Amino acid sequence: MPTVLFRLLQRLISIRSWTTPALVITFVFFTSWPLMALFERADSELTAPENYWWWFLVTTSTVGYGDFYPETTGGHIVGVYVIVGGIATLTTLFTHLATTLETARGRRMSGSSSLHISDHIVVLGYGAGRSERIIDELLADGRHPVVLGAWDDVDHNPVPDRGIGFVRGDLTAQDVLHRAGVHHARSVLIDARDDNETLAVAVSVHHVNPALEPVIALRDMSRAEHMRYVDETIRCVQWHTPHMITEELLDPGITQVYSELVTHGGGNTYSCRLPESLGPVSYGDCQFALGDRHDATVLAARTDSELLISPSWRTRLPAGSTLYYICAQRISQEQLARAVREAGGSRGT
């Protein structure tokens with residue numbers, strides 16, 4: 001009889017499912033109770049219904065409080081059977097849990113699982129070194145989760161230490177884009193291996209989520225018009241400027257601002273040296289003076305030792321420092337000096 005029970009128990013343990021632990025513990029409980037009642041005395045407190053379940057629970061969990069215990073040799077043998085059944089149940093449970101976790105981790109590493117995420121940034125396309133730089137800048141911003149989508153030639157997550165989502169497959173396939181959560185994404189960067197591939201991915205992304213305004217890295221910016229046949233809201237950025245790509249993802253429209261700054265007739269940028277006659281002045285005085293008198297915006301200042309990008313208004317600039325500003329027209333040194341003096345006087349009053 002014990003041999004039959006142990007073989008049956010072994011057969012149950014070999015079943016790989018979440019129901020196996022429940023089957024094992026239920027089987028041991030309903031076979032051990034009558035056996036214990038058979039071997040123990042008729043008046044034994046252990047076999048009473050209100051006590052046996054408690055003894056069974058603390059015995060299978062290997063706690064063993066000792067408040068109830070078998071007194072006969074047969075009862076001891078049944079007790080061993082219960083202990084083995086409890087250990088087998090826990091072993092089966094933890095083994096299946098570990099297998100499930102390892103399988104899930106393997107699927108995440110291989111990029112074959114679906115990601116349940118929203119309001120995130122999806123980077124479609126992987127290039128060693130380049131993608132890490134883009135991802136690191138996006139993560140440094142800290143506002144949105146990041147998901148990387150790669151083609152099948154990337155057989156595992158290339159950045160497992162970044163804590164980002166990863167999917168792998170044909171990036172023009174709807175199921176792959178759905179696994180990456182493109183239909184719930186905040187923004188998408190298409191950084192493919194060539195511009196033709198970029199166009200194909202853009203078509204698929206637009207089909208999955210027409211509301212998105214993708215950022216596209218192009219090697220040939222003349223292809224930008226072709227991209228806008230797909231979606232007029234697509235934002236094209238030069239492929240070799242990854243920092244500008246991340247800025248466009250995080251702050252839409254910023255590349256257009258850059259473009260205007262470097263285009264003649266747009267927001268023209270100029271420079272002008274602070275006259276020696278002014279002496280040291282604060283950056284704030286210059287910003288206020290040029291804004292108030294010439295509708296200009298000071299971007300930066302260069303002293304003999306360093307370039308200051310939008311420093312504190314309290315920063316003191318020595319005479320001879322260079323101001324860099326945006327304005328409709330160039331400002332002469334005489335106009336700059338007069339503006340600072342007049343603005344300083346009006347602020348003082």
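**Note on the predicted model**

1. Start with Asn157. Its relative accessibility is 6%, so Asn157 counts as buried. The residue belongs to the loop between β2 (146-150) and β3 (165-168). Its side chain comes to 2.9 Å from the backbone nitrogen of Val159. Keep in mind that this is a predicted model.

2. Overall make-up. The chain holds twelve helices and twelve strands. Of its 349 residues, 43% count as buried. Now take the contacts in the chain with a separation of 6 or more: 63% of them come from residues 24 or more positions apart.

3. Cysteines. How many disulfides does a search of the whole structure find? The search finds zero. Cys236 has a relative accessibility of 10%, so this cysteine counts as buried. Cys327 is at 6% relative accessibility and therefore counts as buried.

4. Helix α7, length. This helix covers residues 195-208.

5. Helix α7, start and surroundings. At the start of α7, a side-chain oxygen of Asp194 comes to within 3.0 Å of the backbone nitrogen of Asn196. Which residues of α7 are buried? They are Asp195, Glu197, Thr198, Val201, Ala202, Ser204, Val205 and Val208. The cover over these buried residues includes β1, α6 (174-179), β4 (187-190), β5 (215-218) and α8 (224-230).

6. Helix α9. This helix, residues 242-250, is mostly covered, with seven of its nine residues buried. The seven are Pro242, Ile245, Thr246, Glu247, Glu248, Leu249 and Leu250. What covers them? The cover includes β1, α5 (130-141), β4, β5, β6 and α10 (254-261).

7. β5, α8 and β6 form a right-handed β-α-β unit. Strands β5 and β6 (residues 235-238) run parallel and are joined by four bridges. Within this pairing, Ala217 stands opposite Val237 in β6. Buried Cys236 was listed in point 3, with 10% relative accessibility.

8. Arg219. This arginine sits in the loop between β5 and α8. Is Arg219 buried or partly exposed? Its relative accessible area is 34%, so Arg219 is partly exposed. Neighbours within four places in sequence aside, Arg219 is in contact with Ala192, Arg193, Asp194, Asp195, Gln238 and Trp239. A polar atom of the Arg219 side chain lies 3.3 Å from the backbone oxygen of Arg193. Asp194, one of these contacts, also supplies the side-chain oxygen at the start of α7. Asp195, another contact of Arg219, is one of the buried residues of α7. Arg219 and His240 are 21 residues apart in sequence, yet their C-alpha atoms are 7.4 Å apart in space.

9. Strand β12. How does strand β7 (residues 269-273) run relative to strand β12 (residues 322-326), parallel or antiparallel? The two are antiparallel, and five bridges join them. β9 and β12 are antiparallel as well, with five bridges.

10. Positive phi values. Most residues other than glycine have a negative phi. Two aspartates are worth a check here. Asp119 has a positive phi, near 55°. This residue is in the loop between α4 (73-110) and β1 (121-124). Asp119 has 44% relative accessibility and so counts as partly exposed. Asp295 also has a positive phi, near 55°. Its loop runs between α11 (283-294) and β9 (297-302). With 68% relative accessibility, Asp295 counts as exposed.

Note on methods
Residues numbered from 1 in each chain as written. Predicted model: local features only at pLDDT ≥ 70, side-chain atom pairs only at ≥ 80, totals over all residues. Heavy atoms only, no water. Disulfide = S-S within 2.5 Å. Buried < 20%, exposed > 50% of the residue type's maximum accessible area, 1.4 Å probe, protein only. Expected span 1.5 Å × (residues − 1). Contact = heavy atoms within 4.5 Å. Polar contact = N/O pair within 3.5 Å; in protein donor to acceptor, adjacent residues only side chain to side chain. Pairing = 2+ DSSP bridges. Right-handed = clockwise from strand over helix to strand, strands pointing away.
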